[in-house]
Structure formats: C-alpha cells, structure tokens
Amino acid sequence: MLQLGRYTIDDVESLESPGLIVFLDLVRANLDAMIAIAGFPRRLRPHCKTHKTREIVQMQLARGITRHKCATIAEAEMLLGVNVPDVFLAYQPVGPNVRRVSQLVEQYPQAKLAVAIDHLTPLTMLSEAMESIGAELGVMMDLDSGMNRTGIEIGTDALELYEAICSSPGIRPAGLHWYDGHVRQSDLAERTVTCLAGWERLIEFRNRLLLNGLPVAAIVAAGTGSFPVLAQIDEPGLELSPGTIAYFDAGYRRQYPEMPFVPAIGIITRVISCNRPGCLTMDVGHKACAADPPAGKRLEFPAWPDAEEVRHSEEHLVLKTRYASEHQIGDCTLAIPVHACPTSAVYDDATVIESGRNAGRWKIHARGRKISV
C-alpha cells in the first residue's frame, strides 16, 4: 500500500512502472471547483489538451459542460466522438489540415465546430473547402493578447479580417478568441491588474465590431492563470476556457497558491539501482514525464521532499535524498509532474485509482496527432 497524504493506492505493487496514475476522486473535486468558480457550467469551455480522454469529457458533459476547446484535430475528433455538441479547435488549420477539418464537418454534421484564424489566407482556404462540400464552419478570430505567439493585433487589420470572416461563403462568424497564457503572476492582485487591462482592450475592440454592424456571438477567453479573474466578469457571451484544471500539476500548484485545485495525476516509479550512498536511481526517465521544464524541475516526490536531481536521462532519474538508505531495489513511490499536459501525452493509457482502489484503465485517446481523420 502507498499512502502519501491525499494519494492512496492499495495494491501499488501490482502497477507497472513507470506508469501514469489518475486519482479519480481528485479529478472530480477539481471539476466541481472549476464549475463553482465559473458560477454555472454554461459559462465554461474547458480545454481538453491536458487529459485527452473521453472519460473526463463525459464527466464534464454529465455536469452540464457542453462547450469544449481543443488544440489538435485528434482532440477535436475525440470530443466529437463522444457527442460534444459544440467544439472549438483553437488552432489555425493550414495545408492538409484544412482538408481534415472539412472531413470532420462532413463526419459530424450534427455538431457545431469552429476553428481559430488570424490571417486571410487560411480563411479563404476554409471558405473554399466548405463551399465544395456545401457545409458551414464556425470561425473565431484569434487575437494577440500580448503573448506574441499567434493572433492578429487589435487594430484596423483585425477589423478588416473580421469583416472578411463575416462575408465569406460557408463561414459562420463565431466570435473572438483571447488566450492570455502569458499572464502568470503568482500574486493574484498583480495577475488581476494585468488580466483586466487586456480584457478592457478586448472589450473596446468587440464594441467597435458591434458598432460596425458585425456580430460577435462569443468571446472564448482565459487560460488557467486568468480563469479566476475573468470568472468574476458578468459578460454575456463570455466562455471561460481553463486548460490544466482537470489534472492540475505541481507547477501550477506553486504558481497559483490561491487556487483550490490539486494535482490529480502522478507517475508510479521504482528504485532500479541504489549502488551509490545517498542516491536512488528511479525508472522515470525524461521519456516518462514532461521534459519541457528545466532539468531538476520536472517532478516532485511527496515521499522525499528533499529530493535533488543528480542526473536525468532517457530512462533513468538519479536522485539524492536523505531517505535513500531506507530503500532498496524494487521499492516504489509516486512522482507528481510539474507539467501535466505533455506528461499525459507520453502514455497510451493510465491506471485510474478511486478511493485507493484500482478502478481500471483509461486510454489516452487523443495523445497522438491522428485518430481516423
């Protein structure tokens, strides 16, 4: 049995390592806390990029969350495949992905599908693709919130692009997309000031569109950091799109101490070598967790709060800890990922733990780039 605070696994010795673990009770608590912050399920459009699983989507649907967001065509297909009625692909389709989007529209005609665009070229391609199949696709204009990754800058060019969206055949103007993922201050007051300053710019531009007679059906906004701030705004058409909340992770727990969410996934790992005094070599290499955080900051070990990374390679993690002498080869423990989203994509499936007991396995359905389309 493994007992580490809120994490309990009765038959831990039967689990393969390294292996992804989902703590179902904690996922439920995170989803319920998300709804409580939003106020109502209909205000939410949560991102599925972290979990990528049908089961969590079904849990959200059962709670009345009918609008969902995704980042890949595989994620969109996964959502549509479990009858999500309203799916937003927050990614600009280019090249062969335009054809793949049109295939999704044909395959799921009953669903409301939209994509993000920030340029006239993909808009033209999407319009031509929709005309060719006699269908309609929603398009949200992606605005640059200051993140400087995608999105068109607020101004005259953005106004002209939105006018083109509204006049393009086969295209339904779906509104505006505003992802402020760069708003990450740990201090809630500072984060609030930055977040609301961006929101004011966004609303001024939205009002300009309305004055020009252009419909703005919705505003999809917020990342995990800005979600609690924008949730306080009573704006018709605002759809809040937090991303990491279902699983959360150790990084966000440190970054946003005021949030009520808790990390709901972990990685079972075992000691596979202990030949150096004061050190343990674990089988959770950087192929078994998100490797985008800097070396030494990818995992937390609840059992060993003093754990210090000595070396992290593809299949091994060497740790220095004062608890090393208490362990031998084969002993297992739990690692909490600092970044949950890429961690879940590493695994084909996850073991689900409910009230300490093994409740089966979930396939990570959308971990790859393609399901069938």
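Contact here means heavy atoms within 4.5 Å. The model is predicted, so to speak of local features takes pLDDT of at least 70, side-chain atom pairs count only at pLDDT 80 or more, and totals for chains, interfaces and linings use all residues. Residues are numbered from 1 along each chain as its sequence is written, and side-chain values use heavy atoms, leaving out hydrogens and water.

Take I154, which sits in the loop between β7 (137-143) and α6 (156-167); helices (H or I, at least four residues) and strands (E, at least two) are DSSP runs, numbered from the N terminus. Leaving aside residues up to four places away in sequence, I154 touches L143, W178, R201, L202 and F205. With a relative accessible area of 22%, I154 is partly exposed (between buried, under 20%, and exposed, over 50%; 1.4 Å probe, protein chains only).

On to the sheet: seven strands make an open, parallel one in the order β4-β5-β6-β7-β8-β9-β10, where pairing takes at least two DSSP bridges between two strands. β4 (67-70) and β10 (238-240) stand at the edges with a single partner strand each, so one side of each has no neighbour in the sheet. β4 pairs with β5 (residues 86-89) over four bridges, and K69 has F88 in β5 as its bridge partner.

Helix α3 lies across β4 and β5, at about 155° to β4; axes are lines fitted to C-alpha atoms, for helices over the stretch in contact, and angles run from 0 to 180 degrees between N-to-C directions. The axes of α3 (residues 73-81) and α4 (residues 96-107) come within 11 Å and cross at roughly 5°. That makes α3 roughly parallel to α4 (angles under 35 degrees).

How values were computed: Angles under 35 degrees count as roughly parallel, over 145 as roughly antiparallel, 65 to 115 as roughly perpendicular and the rest as oblique.
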